[in-house]
Amino acid sequence: MDSKRMRRMLFAMLVMFMVLIGVIVVTNLETVKKKLGLAADVQIEETAVMEVADNGQRGSDLSAFLRDETFFDPEVKFKSIETYSGKNVFLMMSSVAKDLRIMIVDSVGRLVTGTPFVVKIQGMGEYTDSDRDGIVYIDGLRAGEYSVSLEEAEGFIVPNTITTIQVKQEIEYRVLSDIEYLIMTEDDIDVEKEDRAVNGAEEAADGSENTELQFAGDNARLGIDVSKWNKEIDWEKVKDDGIEFAIIRCGYRGASSGVLVLDPMYKRNIEGAIEAGIPVGVYFFTQALDEVEAVEEASMVISLIEDYDVDYPVFLDSESAGGRGRADALDAEERTKIHKAFLETIASAGYETGIYASRNWLNDELDMTEVSEYRTWLAEYADIPVYDKYYHMWQYTSKGSVDGIETRVDLNLCYMNIDTSINHAKGAAGYSGVIDGDSGNVPIGSDEE
């Protein structure tokens, strides 16, 4: 090959190489400018800095967006890295008065138990869920705003957020929206230690009680009250035997631990009675030690009845737990204050309410003048009661026999005008029935009868 042809070939190859370089430069022009530090790129960065400055940043700190809470889409950020193997957990909080309940829940809203979670309250320190029930409870707080965060826990993805809540000085008798997290079943507890209500009326019975069904016509209505102790009930047979209403136990507070417990037969009883056409009310056995616990108990009741038509009152069962209950040692003033908190919370939700107790309990363990605006359900097993104050229902025996119930059952006479023909829409308050005045609500055998 002669030298002239060789030069032409080398020149052609050089041209092709330059063309290739040009194509690459054009395709990656912005990258090349950035690498070479050209003026146009500097202007772009200066503009970006100015835009950040307009949003509150001063200076040339281009990492400022990392501290700007409005920069990213609103989503939960976690302390643990995204690839961390674990379950997401979150905080839920509530407060009644001077207290704070912190609940650790999973992504579907269930309490996370079995782990000693640690929560931090700014300015106060750290608190550990030592019993590993997913709840940290703190009382005796001052009114004000509190900031709470959850510390990292092995096996869990913890949100990198601080949650604030307002703690109030005075109690408000309003239903707690998250009460379902505190409700347990009897599978979760030692039933023998917790369900210990003692019927004071049986202890004070004088042997003259009438154990038969009493049909009082227009002056009173005949009803029963039932719980798990009455086992499975055939409500159609109960209705056919002449029973006109039923007061059903929905739950109780444990006499030992103080946990809130669902009566295992509640759902079956209330739905069975309503389906059979028997108007219903409910009662709850209390062992509350203070007003906060009374609000909890009332909130549990409301959560259990809000889906049903409840025409008769919600009653608070005020009895002893045999001297070994957590609330048995309360004096009359303390107990009355606690009971009033329950009644006011129920009333605030739109339901009629009152107290159930034996004659001696009403006389000695409560100041009935403080709760006179509410209904009284007297338990006195005698042919004629000697209780000398007003009452609206009378439980006259615990030894009744009703078709459809295999056990002995409590029998009651109601002297209130209960208008069960009116079925109000529940609305926000959950109200579904009406107590239409009083009729015959005086002690049987009294001068006013």
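Student: What volume does the largest pocket have?

Tutor: Bear in mind that this is a predicted model; in it, the largest pocket has a volume of about 860 Å³.

Student: Which residues lie nearest the centre of the largest pocket, and how many residues line it?

Tutor: The lining of the largest pocket is made up of 37 residues, and those nearest its centre are R101, Y137, L182, E293 and E296. Two or more lining residues come from each of the strands β2 (99–106), β5 (135–139) and β9 (183–184), and from the helix α8 (291–305). Divided by class, the lining of the largest pocket holds 16 charged, 13 nonpolar and eight polar residues.

Student: How should I read the second largest pocket, and which elements give two or more residues to its lining?

Tutor: The second largest pocket can be read in the same terms: its volume is about 490 Å³, and 23 residues line it, with N199, S227, W229, Y283 and D410 lying nearest its centre. The elements that give two or more residues to this lining are β10 (221–226), β13 (280–285), β17 (393–400) and β18 (409–414), while by class the lining has nine nonpolar, eight charged and six polar residues.

Student: With which residue does R101 form a salt bridge?

Tutor: A salt bridge is read from the distance between a side-chain nitrogen of Lys or Arg and a carboxyl oxygen of Asp or Glu, with a cut-off of 4 Å. R101 is paired with E296, and their closest N and O atoms are 2.2 Å apart. Because E296 belongs to helix α8 and R101 to strand β2, this pair ties together parts that are 195 residues apart in sequence.

Student: What other salt bridge does E296 form, and are R253 and E296 buried or exposed?

Tutor: E296 also forms a salt bridge with R253, where the closest N and O atoms are 3.0 Å apart. Since R253 lies in strand β11 (residues 245–253) and E296 in helix α8, the pair ties together parts that are 43 residues apart in sequence. Buried means under 20% relative accessible area, and so R253, at 2%, is buried, as is E296, at 5%.

Student: How is the accessibility of R375 and E352 to be read?

Tutor: The side chains of R375 and E352 meet in a salt bridge with an N to O distance of 2.9 Å. At 9% relative accessibility R375 counts as buried, whereas E352, at 26%, counts as partly exposed.

Student: How many salt bridges are there, and which residues are linked in a network?

Tutor: The count comes to 20 salt bridges, and E186, D195, K228, R249 and D263 are linked in a network of them.

How values were computed. Residues are numbered from 1 along each chain as its sequence is written. This is a predicted model: local features need pLDDT of at least 70, side-chain atom pairs count only at pLDDT 80 or more; totals for chains, interfaces and linings use all residues. Side-chain values use heavy atoms; hydrogens and water are left out. On a 1 Å grid over the protein atoms alone, a cavity is a set of points where a 1.4 Å probe fits but cannot get out, and a pocket is an open set with protein on both sides within 12 Å along at least five of seven lines; lining residues have an atom within 4 Å of a point. Grid points are joined across faces, edges and corners, and a volume is the space filled by probe spheres set on the points. Helices (H or I, at least four residues) and strands (E, at least two) are DSSP runs, numbered from the N terminus. Ala, Val, Leu, Ile, Met, Phe, Trp, Tyr, Cys and Pro count as nonpolar, Asp, Glu, Lys and Arg as charged, and the others, Gly among them, as polar. Buried means under 20% relative accessible area, exposed over 50%, partly exposed in between (1.4 Å probe, protein chains only).
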